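Welcome to a short walk through one model, stop by stop. Keep your viewer open and your selection tool ready.

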Amino acid sequence: MKRIFSKKSYLLFILLTLIFSACSSNTNTTDVSENNQSNEASSNEYLLSSLSIGDKVVDSSWEWSYKNGYGYSDFNTSVTQSVTWIVVAKDHYGSSVTLLSEKLIAYFSYDESTIDSGLLAGRNHWGNSGSTSLVGLRPWLNSEAPHEGTGFYNAFSDNFKSALVVTSLSNYDFDTMTNYTTDDLVFIPSNTELGDTVHDSTFEIGSTWEYFLGSDDNLRVTNFPDQSYGEEYWTRSPVNYGYRTEAVVYDSGFFASNFADFNSVGVRPAVNLNSKTKVSETVNEDVLDSHLANGSSLIAYSFFYEILD
């Protein structure tokens with residue numbers, strides 16, 4: 001015997017079926033959306049070691065005051081903003097990622113030591129920088145005596161400090177013509193690390209960072225945040241024709257030299273961070289706008305990462 005549905009019952013059945021289908025569809029859509037958001041969040045975090053050479057990193061939780069006067073003093077205007085770092089090498093000093101500041105952070109003397117007569121005669125010895133003077137680049141960068149309360153390291157956030165790795169650096173002593181090492185949290189590159197292969201007036205110290213392998217002079221050019229022209233900056237390579245002369249990178253990117261006690265030479269620091277440091281490609285827009293307003297290239301921020309807690 002056939003069961004016959006009335007037209008009214010049939011329409012009610014169809015309506016209930018459509019409502020149920022819609023509810024199921026909405027539930028599935030919500031689940032998919034939540035899963036996509038979860039995947040998007042996790043895919044936005046990276047290990048520092050996964051970044052490419054040339055990528056740029058910033059920790060927007062701390063800022064540095066870029067004083068543009070000689071000897072780290074104010075001249076006209078100064079800039080306060082987060083420091084942008086370039087990934088220049090990976091696993092170069094063990095399991096770490098080497099970062100080099102994009103801009104000069106200051107103009108500062110390499111060393112203002114005095115000789116026995118009391119005369120100012122800065123030394124070209126990285127390890128003893130500032131040892132017999134009130135000014136030395138190495139202790140200033142690492143906020144050590146006589147620069148404990150000031151210096152570059154002192155500006156870092158606790159998060160950034162915790163990611164730092166002590167770097168065992170190769171060095172050369174001009175006085176004794178021997179190699180030695182130092183352990184540093186913050187340092188400056190040698191000529192060799194910046195791609196010098198000739199060493200006609202200095203010494204081979206370390207090996208070239210990947211970023212500068214086969215590079216031309218232009219890649220070494222940098223400047224101060226609020227200016228468009230390049231400036232020379234220190235390396236930690238002593239020059240082989242005098243105890244007072246230190247190698248610098250000239251404003252055109254080629255290698256030259258200057259007296260260690262000059263306070264008009266720029267500082268371009270480097271650090272090594274733990275390879276497992278987490279970074280995100282999402283950066284605070286205010287930080288990005290500040291960098292762009294102070295002369296950084298828009299193209300440079302196509303790979304721009306922020307260090308995470």
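Which residues does Asn272 touch, not counting residues up to four places away in sequence? This is a predicted model, in which local features need pLDDT of at least 70, side-chain atom pairs count only at pLDDT 80 or more, and totals for chains, interfaces and linings use all residues. Residues are numbered from 1 along each chain as its sequence is written, and side-chain values use heavy atoms, with hydrogens and water left out.

**Stop 1: Asn272.** Select Asn272 and show what surrounds it. With contact meaning heavy atoms within 4.5 Å, Asn272 touches Tyr93, Ser96, Val97, Thr98, Ala163, Leu164, Val165, Thr167 and Phe187. Asn272 sits in strand S15 (residues 270-274); strands here are DSSP runs of E, at least two residues, numbered from the N terminus. Its relative accessible area is 0%, so Asn272 counts as buried (under 20% relative accessible area, with a 1.4 Å probe and protein chains only). Now draw a distance from Asn272 to Val166: their C-alpha atoms are separated by 7.2 Å, although the two are 106 residues apart along the chain.

**Stop 2: strand S5.** Next, select residues 84-90, which make up S5. Six of its seven residues are buried, so S5 is largely enclosed by the rest of the structure. Strands pair if DSSP finds at least two bridges between them. S5 pairs with strand S2 (residues 56-58) in the antiparallel sense over three bridges, and Ile86 is the bridge partner of Lys56. Strand S6 (residues 96-101) also pairs with S5 in the antiparallel sense, over five bridges; there, Ala89 stands opposite Thr98. S5 and S6 form a hairpin with five residues between them, and Asp91 in the turn has a positive phi of about 55 degrees.

**Stop 3: the core.** Colour the largest nonpolar core, a group of 56 residues (buried Ala, Val, Leu, Ile, Met, Phe, Trp, Tyr and Cys joined through side-chain atoms within 4.5 Å). Leu137, Leu141 and Phe152 have the most contacts inside this core. The largest share of the core, five residues, comes from S5. Centre on Leu137: leaving aside neighbours within four places in sequence, its contacts are Phe108, Ser109, Tyr110, Trp126, Ser129, Ile188, Trp234 and Val267. In soluble globular proteins, nonpolar side chains tend to be buried together.

How values were computed:
Buried means under 20% relative accessible area, exposed over 50%, partly exposed in between (1.4 Å probe, protein chains only). Helices (H or I, at least four residues) and strands (E, at least two) are DSSP runs, numbered from the N terminus.
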